[in-house]
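Thank you for making time this morning. Please bring up the structure on your screens, and I will walk you through a handful of places in it.

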Amino acid sequence: MDLDCRKFWTCSNKKQQHQQKKKKESWKTTLLLAYQSLGVVYGDLGISPLYVYQSTFAEDIHHSETNEEIFGVLSFVFWTLTLVPLFKYVFIVLRADDNGEGGTFALYSSICRHAKVSILPNHQVADEALSTYKLEHPPEKKNTSRVKKLLENHKFLHTALLILVLLGTCMVIGDGLLTPAISVFSAVSGLELSMSKNQHQYAVIPITCFILVCLFALQHYGTHKVGFFFAPVVLAWLLCISALGLYNIIQWNPRVYEALSPYYMFKFLKKTRKGGWMSLGGILLCITGSEAMFADLGHFSYTAIQVAFTFLVYPSLILAYMGQAAYLSKHHHSTHKISYYASVPESLRWPVLVIAILASVVGSQAIISGTFSIINQSQSLGCFPRVKVIHTSDKIHGQIYIPEINWILMILCIAVTIGFRDVKHLGNASGLAVMAVMLVTTCLTSLVIVLCWNKPPILALAFLLFFGSVELLYFSASVIKFREGAWLPILLALFLVTIMFVWHYATIKKYEYDLHNKVSLEWLLALGPSLGIARVPGIGVVFTNLTSGIPANFSRFVTNLPAFHRVLVFVCVKSVPVPYVPPAERYLVGRVGPMAHRSYRCIVRYGYRDVHQDVDSFETQLVEKLADFIRYDCGVDDGGKQSSGSASECRLAVIGMVSLSNGLNCEIEENLQPASVSVEFTTVESVTDLIEMEPVQNKQRRVRYFLDDESEECDGQSSSSKKEVPLQEEELRELYAAQQAGTAFILGHSHVKAKQGSSFLKRLALNYGYNFLSRNCRGTDVALKVPPVSLLEVGMVYVV
C-alpha cells in the first residue's frame, strides 16, 4: 500500500512539474511576443505625445494662469486612452478575431460567414467545409436573430455594409499617408529649440522630406532586414518618455494627478465652450495607432498585445502626458509655445531628439506596411484594381511590398508635408482619418457581437451607443475643421471608395455575364475531328471565374482557333472569406466529362491574407494534384457503376495532406441545410485525403480519406481494381507527357460596355471608369504571374 502511494505521489509530482514547466514556457513565449509587438504595433501610438498638446493648443484654446485648460486636456487624454485603447480594443475588439487575424476585413469576413451578406461571387457549399471557415458559436435554427434576418433579406444592406468596409479601408490608407508626415515632422520640429526662427523655418521641411524619401525608398528591402531594432527603439522611447514624465511630475507639480478626475473635463468645457469642443480634434490624436493593435493581431497573440499595452505602453503614455502637463502648469509664457521638447531638460534634448526621430520612423514603417497589407486584402476580395505584390520575406508570412502604392504614398506624403507645413493642419487631417476607422470598427464589432457571438442585441446596442457616442464627439470636432486640413482624408476617401466600388461592381457584373453565357458540357464533348477540331499535345489551362460549366472565352477561343490541348484544365482562382486556406484544403479537383476526354476542373482557393503562388510552382503543383486525383479516384459512383463514361460534373475532390485520428477509412455524411460544417485538418506528409462534394441537389456530402497504400478500401470497394489500374496508368502517362509538351495559359482579355438603355452613372462607371482602370493597372496575366511566352489571350466584350 505504501509503495502504491509513493508511486502515485511520484507520478502526480512529475505531472505537476511538467504542467508548471509548460506554463512557464508559454509565459516566456508571451513575454517575447509582447516585446516584439512594441516595434510593430505601438510605434505610432507611442510617438503621439510629441504633437497632442501642440495640436490641441494650436488655435482653439489658450494656456492660462488658472491651468484649467491644461488640466482639462490632461483629463480628456487620460479618459480617452482608458476608454478607447484599453477598454474597447484590449478587452473587447481584440476578441473579435477571425482565426487569429484582426482588422476591418477580418470583421467583415466573420460577419459574411455567419450571415448571408457577402456579395462576393462564386461561393460554393464546399467552401464551408474549410477548417478555417468554422463557426465558433453556431446559431440555433429556432433562435435566429432578427438582425440577421434583416441583413439577409435586404440586398441594399449588403451593399451598405460593403461600402462601410471600403470606407474604413480607405481611411486606413489615408492614415498611411498622414501618419508618416505628422510623426516625422513633429520629431524633427525639436530642432526649433536649437535654432533661430529663420533657420528653423528653412531646415525642418527639407529634413522631414529627406527622411520620408529615405523611408519610402527602403521599403522594397522589407521590414525583416531592419525589424530587429524596431522593438528596442520603441522600448527605449517609452522608457524615455515615462522617465521624463516622472521627472517633470516630481520637479514641477506633484499634485498633477488630481487632474485625472472627470471633474476637470467638465470645468474645461464649461470655461472654453465651443473652443474646447473644437480642441477635441487635437486631443483625439492621443489614440492614433490604437487600430494597429487589432490590425496586427495576426502577427502576435491576444495575450501578448494585452500584456504589452496594459503593463508598459499605457502607463508610459499616461506618465508622459502627466509630466508634460506638470511642466506646462508652471510655465505659462513659453517662448516655444506648447512643445514637447520644451519639457525636456536642455542637456537631454539632443539624445531625446534622435530617439524621437527613430521612433517616428518605426511608427511610420508600421502604418506603411499595414497600408500594403490592407490593399492586398482588398485586391484579393475583388475590391481594388490589380497591383503588383512583392513578398519581401520567404520566412515571415505577410511581409509584402507594392511598388505603385509605395511611390504614390511617398509623393502624396511629401506634398502634404510641404503643403500644410504645420502640426495643426496635419493633426486635423490625421485625426479625422483615425476616428473614421474607429467608428467603422465599432459598427462592425457590434454586428459581430450579435451575429457571431450570439449575444443579445441589447449588448451590441449598448456597445455601439457607448463607444460610438464617444467617437462621434471626437469625429464632429474633426469634421468642423474641414477647411483647416480635415478636407484631405474626406476627399481621399471619396476618391478611393469610388474606385474600389466601381471595380467591385464591374467584377460582379462580369461574373454574372459569364454565368449567363457559359457553354453546356454537351457542346464541349461534341468537339472533335468531325467538326474540324484537333487535340494538340500539351496542357491547356483555361482561367475562369466560374466554378461549373464551360466559360464563354473558351468557346470563343475554339471558334477562332479550331484546336485545344490533349489535357484541358479549367482553373478558377477564387477568394474565400477567411484569412488563410490551409494548403491541404486549397485544391478542389474534379472531372469535366468522361475519363477519356481528359478534361478537369481545378478550383484554387485563397484567403484574403494568403500568398498567391508564382506560375512555376503553381503549374507543378497543379499537375501533382491532378495526378493525385487520378491515382486515388476510385472510378465508382454512389451506385457502384463505372464513372469513366459519365458525361457530367458530379464530384469535386479536395486533394491534400491530413492525419487521421479515428481510423484509416472515414466517411462523413451530413445534410447541407446547416449554415456551415467544419472539418479539422492537420498537415503531415504520409496521408492524402479525398473529400468528395456531392451536387447540391442531392443534399448530401460524403467525406472520404485514403492512405497511400493501394490496398486500402474506398467506401467499401477496392480503391484500384485490376481492370482500372491500366486506365489510371494510361491517364497518368498522358498527363505527364502533356506536361513535357508544355503548358499554355488561356486568359480572357475583357472590355466592359454598358448595355443600351443603362443610366448615365452606369455608363460612366463601366464604359469609362472601369475600362480606364483595367487599361492602366496590372493585367490578369501579371497578377497570376503567367509568362508571356505561354500566354494565349482571348478578346471578350462584356455587355452588362
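Let me begin with a question: does Glu734 count as buried, partly exposed or exposed? Before I answer, please keep in mind that what you see is a predicted model. Glu734 has a relative accessibility of 32%, and it therefore counts as partly exposed.

The side chain of Glu734 meets that of Arg598 in a salt bridge, with 3.0 Å from N to O. Arg598 sits in the loop between E5 and E6, whereas Glu734 belongs to helix H22, which covers residues 724-741, so this pair ties together parts that are 136 residues apart in sequence.

Let me now step back to the whole chain. The chain has 24 helices and 14 strands, and of its 800 residues, 55% count as buried. It exposes about 35,400 Å², and carbon and sulfur atoms supply 60% of that area. If we take the contacts between residues at least 6 apart in sequence, 84% of them join residues at least 24 apart.

Which strands, then, pair with E6? One is strand E4, residues 563-575, which runs parallel to E6 and is joined to it by eight bridges. Within that pairing, Phe570 has Arg601 of E6 as its bridge partner. Another is strand E5, residues 587-591, which pairs with E6 in the antiparallel sense over five bridges. Here Leu588 stands opposite Ile603 of E6.

As a general point, side chains of opposite charge can pair when their charged atoms come close. A search of the whole structure finds 14 salt bridges, and one that links distant parts of the chain is between Lys271 in helix H10, residues 263-272, and Glu68 in helix H4, which are 203 residues apart. The N to O distance between the side chains of Lys271 and Glu68 is 3.8 Å. Both ends are partly exposed: Lys271 has a relative accessible area of 39%, and Glu68 has a relative accessibility of 24%.

A further salt bridge joins the side chains of Glu258 and Arg255, with 2.2 Å from N to O. In this pair Glu258 is partly exposed, with a relative accessible area of 28%, whereas Arg255, at 52% relative accessibility, counts as exposed.

Next, I would like to look at helix H14, residues 349-380, which contains Ser369. The side chain of Ser369 makes a polar contact of 2.8 Å with the side chain of Gln365. Ser369 and Gln399 are 30 residues apart along the chain, and their C-alpha atoms are separated by 7.6 Å. With a relative accessible area of 25%, Ser369 is partly exposed.

Asn99 has a positive phi of about 55° although it is not a glycine, and it lies in the loop between helix H4, residues 68-90, and helix H5, residues 104-114. Asn454 also has a positive phi of about 55° without being a glycine, and its place is the loop between helix H16, residues 423-451, and H17. Asn99 is partly exposed at a relative accessible area of 29%, and Asn454 counts as partly exposed at 36% relative accessibility.

Finally, let us follow the chain into helix H17, residues 457-479, where Ile458 lies. Ile458 itself counts as exposed, because its relative accessibility is 58% and exposed means over 50%.

That is the end of my tour, and I am glad to take questions.

Methods
Residues numbered from 1 in each chain as written. Predicted model: local features only at pLDDT ≥ 70, side-chain atom pairs only at ≥ 80, totals over all residues. Heavy atoms only, no water. Helix = DSSP H or I, 4+ residues; strand = E, 2+ residues; numbered from the N terminus. Buried < 20%, exposed > 50% of the residue type's maximum accessible area, 1.4 Å probe, protein only. Polar contact = N/O pair within 3.5 Å; in protein donor to acceptor, adjacent residues only side chain to side chain. Contact = heavy atoms within 4.5 Å. Areas by Shrake-Rupley, 256 points an atom, 1.4 Å probe, with all protein chains shown as cover. Pairing = 2+ DSSP bridges. Salt bridge = Lys/Arg side-chain N within 4 Å of Asp/Glu carboxyl O.
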